[in-house]
Amino acid sequence: MILRAARKWLRRRKAKEPRRLPAKEHGIRPEDIGKNALTAVQKLARHGYTAYIVGGAVRDLLLGIAPKDFDLATDATPAQVRRLFRNSRTIGRRFRLIHLYFGGGQIIEVATFRDEADESAREESGRILRDNRFGDAEADARRRDFTANALFYDPDSGEVLDYIGGVEDIRRRRLRIIGDGEERIREDPVRMLRALRLAAKTRLAIAPADARLFAARAELLADISPARLLDEFIKIARSGCCAVILRNWHKHRIAECIFPQIAPPSAFCERACAEADKRAGRGKAVSVSFVAAAIYWDDIGEKWRDEMEKGARPVRAMENALGKLDFLNNRVLSRRVAARMTDLYFLLARMKISPPGGRARCERISGNSLFSRALAFAELEDDLRPLAEWWQAYAEKPEREKTQTLSAAGRKRRRRPAKTTGEPRQ
Ligand code: ATP
Ligand code: MG
């Protein structure tokens, strides 16, 4: 504690000017910044405040990646920002942030420059509980997680401001925790999850000295609220590289502590993650429950098949299988995600009933909002693939042929009750 205070005092004494990189050195152009973010920065500047683009967007632009969103840092207080923007709302408990809302659902996050949390805002373990002390741009850069995330872009001068060597780290393709890794992980263990996600997304390598700390500190994640863990899990599922990230959760013993079902991920889960990553890569929406359902499938699928072998019909068998497993006994998934997973499993079970039934029933199944998700899921396993193929073919048939397909399926089933591989089976 004393050490931290002393270090801070020393830093204050030699408060330094940032390294300023002109546009020709970093290559970011004002037109790379979203119009709304640019307008917001300019409005703050017009009213006499300092405001920069900060964080992931600057990092991504330096790496040639299209930014997902734009975050702003400013010396205006949250109340001052609120007064300037009618389209704004205060959010956050731990940090008070302002969200600016724009058309098309775009949200820009504005954070007031913050200082390190003081001792009264920390738990004994070092974990930060509140972090609302305002500071200057340099302090704000230092309280951030990685050097690559602590760069400011000033659209007015066109300069990138670097207080802690983020530009050099990006050049060396390194993701490095700011300050003392051990201390910063204790302050907020979620930084380990962020490091693994951002390293996979940006292909920066986590500094070895930092990465070495993860396995031994993974258990600190047990104290993190499920809401924050879910938030991170959602970002991972949609990241376009969830296969790599979940594998690394296992490698660094993080899965073991908060998600034992992926310690390690099953082969099915790997295939599902690869599928989710392909979708994200094509700019399509990835459902979190798809990835979560895949994580549990080895277990559920096996129990489901056991129940069917014992003679239960598919839906009842699924009910029994799910009854034996509590996937809410898990720190990461919410009730809502669990409910969507259950819906997906039951839809698969309904698709498995053979003969598939009348036209109305089949239309209900193929019209279900989870139908395409269930097809993608079933295609990932040899056992279920024929099911996916039959339903895909059914859904693609012209209306007038659908009834014929169904009566053929009924006849075939009556003739060969045990083996009907190309269509739903009991
Ligand atoms: P993404 O591409 O996922 O948006 P990001 O780095 O912008 O990545 P955000 O969650 O949007 O991530 O956070 C914005 C910025 O806030 C980060 O770049 C980082 O500077 C800072 N930040 C976020 N979370 C933390 C944290 N747990 N500790 C310290 N700083 C953080
Ligand atoms: Mg961001």
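**Close-up 1. D169 and its partner R174.** R174 forms a salt bridge with D169, the closest N and O atoms being 2.6 Å apart (a salt bridge is a side-chain nitrogen of Lys or Arg within 4 Å of a carboxyl oxygen of Asp or Glu). R174 itself is partly exposed at 22%.

A quick note on what you're looking at: this is a predicted model, where local features need pLDDT of at least 70, side-chain atom pairs count only at pLDDT 80 or more, and totals for chains, interfaces and linings use all residues. Residues are numbered from 1 along each chain as its sequence is written, chains are lettered from A and ligands numbered from 1 in the order in which they are written, and side-chain values use heavy atoms, with hydrogens and water left out.

**Close-up 2. R20 meets E159.** Here the closest N and O atoms of the salt bridge are 3.0 Å apart. R20 sits in strand β1 (residues 19–21) and E159 in strand β8 (residues 159–162), so the pair ties together parts 139 residues apart in sequence (strands are DSSP runs of E, at least two residues, and helices runs of H or I, at least four, numbered from the N terminus). R20 is partly exposed at 40%, and E159 is partly exposed at 21%.

**Close-up 3. K68 and D69.** This salt bridge has its closest N and O atoms 3.4 Å apart. K68 is exposed at 58%, while D69 is partly exposed at 30%.

How values were computed:
Buried < 20%, exposed > 50% of the residue type's maximum accessible area, 1.4 Å probe, protein only.
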